[in-house]
Amino acid sequence: KCFLVLQIIIVIGCPVIIGILSEDNMRTSYEFGVIRCIYGFAAGVLVWWAYCSWRTVISKWLANPIVACSIEIAMVVLVVFFVSTARTETVSLIAPYVFSAAVFLFAFEAGWVSRILSRRPMVALGALSYSIYMFHAFIVERLADAKQIVQGRLDVEIEPMLSVARHTGTQLWEGDLYFIVYLAIVIITSYFTFTFIEKPSRGWVRRRVLKS
């Protein structure tokens, strides 16, 4: 019970602290990223506790497929709207609340959206998600390096993808092509890091824990 109370205090206090210390709110990284990490972890703990505690009751509410699907679609719309508008605004501080609600809802796998997300390609992307998270920024930087090389060799100007306000290329289709290539590289790289680094490391840690 004390541990649960501690998580609640963290989830309430961390966004306040980040809001006071960081001008970029939840976009903070190396400055106050540890606080953001603790905030997100505590939110995840509370989601797991809520799911275990209320699973039976919530499952009854979501027993109707139409109701479940409607709520899931509403949640998807909410997440997309939030991600599209929050950016570095103060509202971004509630990001763990929004995403925790999404995780909690889809944990029940009650609606049609959940059925789509449970298909093999989606499950595979979910398995790769941590590797994608770890390497996507690195790949962005390497593509920016490649841009510098191409620009120097061909004597052409290629605008790098360095922020949401800047674009790649001189035409919209060039930016679209860039993102397709970028996503392909990220997914392929993440597959190899997941297969040869993340998965073996996770198995090694589990074996060590079980032995102890």
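Leaving aside its neighbours within four places in sequence, which residues is leucine 62 in contact with? Leucine 62 is in contact with Ala68, Ile71, Leu105, Phe108 and Ala110, where contact means heavy atoms within 4.5 Å.

Before we go on, a word about what you are looking at. This is a predicted model, in which local features need pLDDT of at least 70 and side-chain atom pairs count only at pLDDT 80 or more, while totals for chains, interfaces and linings use all residues. Residues are numbered from 1 along each chain as its sequence is written, and side-chain values use heavy atoms, with hydrogens and water left out.

Let us start with the whole chain. The protein chain has seven helices and zero strands; helices (H or I, at least four residues) and strands (E, at least two) are DSSP runs, numbered from the N terminus. Its C-alpha atoms fill a box of roughly 65 × 45 × 40 Å, taken along the principal axes. Of the 212 residues, 28% are buried. Here buried means under 20% relative accessible area, exposed means over 50%, and partly exposed lies in between (1.4 Å probe, protein chains only).

Now step inside. The largest nonpolar core has 13 residues, and Leu62 is among those with the most contacts inside it, together with Ile58, Met75, Phe104, Phe106 and Phe108. A nonpolar core is a set of buried Ala, Val, Leu, Ile, Met, Phe, Trp, Tyr and Cys residues joined through side-chain atoms within 4.5 Å. Helix H2 (33-61), helix H3 (65-86) and helix H4 (95-106) each give two or more residues to this core. Apart from it lies another core, of eleven residues, including Val11, Cys14, Met26 and Tyr39.

H4 has twelve residues and reaches 17 Å from its first C-alpha to its last, close to the 16 Å expected at 1.5 Å a residue; the expected span is 1.5 Å times one less than the number of residues. Among its buried residues are Val98, Phe104, Leu105 and Phe106, and the buried residues of H4 pack against H2, H3 and H5. Phenylalanine 99 also lies in helix H4, but it counts as partly exposed because its relative accessibility is 37%. Not counting residues up to four places away in sequence, phenylalanine 99 touches Val79, Phe82 and Val83.

Ile116, Leu117, Met122, Leu125, Leu183 and Ile187 make a nonpolar surface patch of about 510 Å². Patches are made of residues with over 30% relative accessible area and no salt bridge: like charges are joined within 9 Å, and nonpolar side chains (Val, Leu, Ile, Met, Phe, Trp, Tyr) within 5 Å. Accessible areas come from the Shrake-Rupley method with a 1.4 Å probe, and for residues only the protein chains shown count as cover. Leucine 117 is found in helix H5 and counts as partly exposed, at 42% relative accessibility.

Finally, look for charged partners. The structure holds two salt bridges, each being a side-chain nitrogen of Lys or Arg within 4 Å of a carboxyl oxygen of Asp or Glu. Arginine 142 forms one with aspartate 145, the closest N and O atoms being 2.8 Å apart. Both lie in helix H6, three residues apart, about one turn of the helix. Arginine 202 and glutamate 198 meet in a salt bridge too (3.8 Å, N to O), and both lie in helix H7, four residues apart. Glutamate 198 counts as buried because its relative accessibility is 18%, whereas arginine 202 is partly exposed, at 34%.
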